[in-house]
Amino acid sequence: MAVKKFEDLTVWQKAQDFSVSIYKNFSNPKEYHFKDQITRASVSISNNIAEGFDRKTNPDFIRFLYIASSSNSEVRSMLYLSKRLEYVNEDK
């Protein structure tokens with residue numbers, strides 16, 4: 001089955017779920033700027049997947065997947081920091 005729209009991509013769906021989880025876990029952080037940065041970075045993951053897909057060329061899609069991957073790394077880094085700052089615990 002050929003994927004015709006980015007909404008059909010499992011990776012986009014999972015990125016959306018991940019962003020929802022980030023928003024829910026950082027609904028009341030002690031630091032506004034931290035919440036703003038981690039939520040924007042998490043949204044960037046699915047947005048870059050969608051934008052790259054709609055560029056309709058493999059080189060563009062690949063480039064945007066690299067950007068999405070970089071945003072994912074940013075969120076991961078911030079999650080490590082959030083644990084050290086005790087904004088979240090290991091379970092979350």
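First, the ground rules. The model is predicted, so local features need pLDDT of at least 70, side-chain atom pairs count only at pLDDT 80 or more, and totals for chains, interfaces and linings use all residues. Residues are numbered from 1 along each chain as its sequence is written, and side-chain values use heavy atoms, with hydrogens and water left out.

Start with the whole chain. The protein chain has three helices and zero strands. Helices here are DSSP runs of H or I with at least four residues, strands are runs of E with at least two, and both are numbered from the N terminus. Along the sequence the pattern reads α-α-α. The C-alpha trace spans about 45 × 20 × 20 Å along its principal axes.

Now burial. Of the 92 residues, 30% count as buried. Buried means under 20% relative accessible area, exposed means over 50%, and partly exposed is in between, with a 1.4 Å probe and protein chains only.

Next, contacts, meaning heavy atoms within 4.5 Å. Among those between residues at least 6 apart in sequence, 63% join residues at least 24 apart.

On to helix H1, residues 10–25. H1 has 16 residues and reaches 22 Å from first C-alpha to last. That is close to the 22 Å expected at 1.5 Å a residue, where the expected span is 1.5 Å times one less than the number of residues. Which residues of H1 are buried? They are Trp12, Ala15, Ser19 and Ile22. Seen down the axis of H1, the buried residues fall within an arc of 75 degrees, so they line one face of the helix. The arc is that of the directions from the helix axis to the C-beta atoms. Lys14, Asp17 and Lys24 are exposed on the other side of H1. The cover over the buried residues of H1 includes helix H2 (32–54) and H3.

Ser82 sits in helix H3, residues 58–84. Ser82 is buried, at a relative accessible area of 0%. Leaving out residues up to four places away in sequence, Ser82 touches Phe26, Phe34, Tyr87 and Val88.

Last, two backbone points. Lys56 lies in the loop between H2 and H3. Phi of Lys56 is near 70 degrees, a positive value in a residue other than glycine. Lys56 is exposed, at 61% relative accessibility. Glu86 lies in the segment after H3. Glu86 is not a glycine either, yet has a positive phi of about 65 degrees. Glu86 is exposed, at 63% relative accessibility.
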